[in-house]
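Subject: Structure handover

Hello,

Here is the structure for your files. My notes on it follow below.

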Amino acid sequence: VVLLVLVKLTSGLLSSSKVTELVLDNCRSSNGEIEGLNDSFKELEFLSMANVELTSLAKLPTLSKLRKLELSDNIISGGLEVLAERCPNLTYLNLSGNKIKDLGTVEALQNLKNLKSLDLFNCEITNLEDYRDSIFELLQQITYLDGFDQEDNEAPDSEDDDDEEGDEDDDDEDEDEAGPPGEYEEEDDEDDGGSDLGEGEEEEEVGLSYLMKEEIQDEDDDDDYVEEGGDEEEEAEGIRGEKRKRDPEDEGEEEDD
């Protein structure tokens, strides 16, 4: 598929001068080059040629705008000085899984003044004593070696950073569309306050009426009690009156006897 794309590019069906990213992983190079990859890719910023059986970079085209170059899992053992000549603006270079064995081979990268990140993972050079310190001392322009800086802080993932920025922009847009949250919160608070007061007033009214009813019932009970007491007293007085009436009569009868 990649070779077909290259054929189309070179045949003029597509313009290679507008391509900014090109992935040729797992293709097979011939005599140290991939057919169709040439100087016409003037706008190329990212090129990946992983596992294409490259033995050298002697036939690499001039790519002055190239910033990221993936060359992992090839058979490159030297000739890295070509990179400074043909890709002078490289910031990221991945040479992991190649046949690089000594510091002398890496020294040629000193001329890549913009290089910030270098990967040599799975190369024999990583077995050297003080490998990391030696590389950082030799290539003082780099910040990250095999994904970590000198303090063992991991290099940030540029794709994750882009995603986070995109998420933040989306959040901002949602907030703008939804309007200021403060206004809605205040309205909600006012509604809640009004409903609370209404419920409170109803509760007070019910409570007062209930108490008033209780008081009325209490008064009625007291009146009934008083009235009942009065009847008893009247009955008692009536009985006493009758006794009084009877007593003189009884006395008169006794006198007659």
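In what order do the elements of the protein run from the N terminus on? They run α-β-β-β-α-β-α-β-α-β-α-α, and the protein has six helices and six strands. Helices (H or I, at least four residues) and strands (E, at least two) are DSSP runs, numbered from the N terminus.

This is a predicted model, in which local features need pLDDT of at least 70, side-chain atom pairs count only at pLDDT 80 or more, and totals for chains, interfaces and linings use all residues. Residues are numbered from 1 along each chain as its sequence is written, and side-chain values use heavy atoms, with hydrogens and water left out.

Confidence

The average pLDDT (the predictor's confidence in each residue, from 0 to 100) is 75 for the protein, and 55% of the residues score at least 70. Over residues 7-13, where pLDDT is under 50, the model has nine contacts beyond four places in sequence, a contact being heavy atoms within 4.5 Å. Residues 225-229 also have pLDDT under 50, with zero contacts beyond four places in sequence. Where pLDDT is low, the predicted coordinates should not be read in detail.

Fold

The six strands make an open sheet in the order S1-S2-S3-S4-S5-S6, with parallel pairing. At its edges are strand S1 (21-23) and strand S6 (144-145), each of which pairs on one side only. Two strands count as paired if DSSP finds at least two bridges between them. Strand S5 (residues 117-119) pairs with S6 in the parallel sense over two bridges, and Leu 118 stands opposite Leu 145 in S6.

Of the contacts in the protein with a separation of 6 or more, 49% are between residues 24 or more positions apart. Buried residues make up 26% of the 257 residues. Buried means under 20% relative accessible area, exposed over 50%, and partly exposed in between (1.4 Å probe, protein chains only).

Loop residues

Ser 40 lies in the loop between S1 and strand S2 (46-48). Ser 40 counts as partly exposed because its relative accessibility is 29%. Leaving out residues up to four places away in sequence, Ser 40 touches Ser 16 and Ser 17. Ser 40 and Val 19 are 21 residues apart in sequence, and their C-alpha atoms are 9.6 Å apart in space.

Asp 130 is in the loop between S5 and helix H4 (131-138). Its phi is near 55 degrees, a positive value in a residue other than glycine. Asp 146, in the loop between S6 and helix H5 (158-178), has phi near 55 degrees, a positive value in a residue other than glycine. Asp 146 counts as buried because its relative accessible area is 18%.

Cavity

A search of the whole structure finds one cavity of 30 Å³ or more. A cavity is a set of points, on a 1 Å grid over the protein atoms alone, where a 1.4 Å probe fits but cannot get out; lining residues have an atom within 4 Å of a point. Grid points are joined across faces, edges and corners, and a volume is the space filled by probe spheres set on the points.

The largest cavity holds about 80 Å³ of space. Its lining includes Gly 32, Glu 33, Ile 34, Met 49, Ser 56, Lys 59 and Pro 61. By class, the lining has seven nonpolar, two polar and two charged residues. Here Ala, Val, Leu, Ile, Met, Phe, Trp, Tyr, Cys and Pro count as nonpolar, Asp, Glu, Lys and Arg as charged, and the others, Gly among them, as polar.

Regards

Conventions
On a 1 Å grid over the protein atoms alone, a cavity is a set of points where a 1.4 Å probe fits but cannot get out, and a pocket is an open set with protein on both sides within 12 Å along at least five of seven lines; lining residues have an atom within 4 Å of a point.
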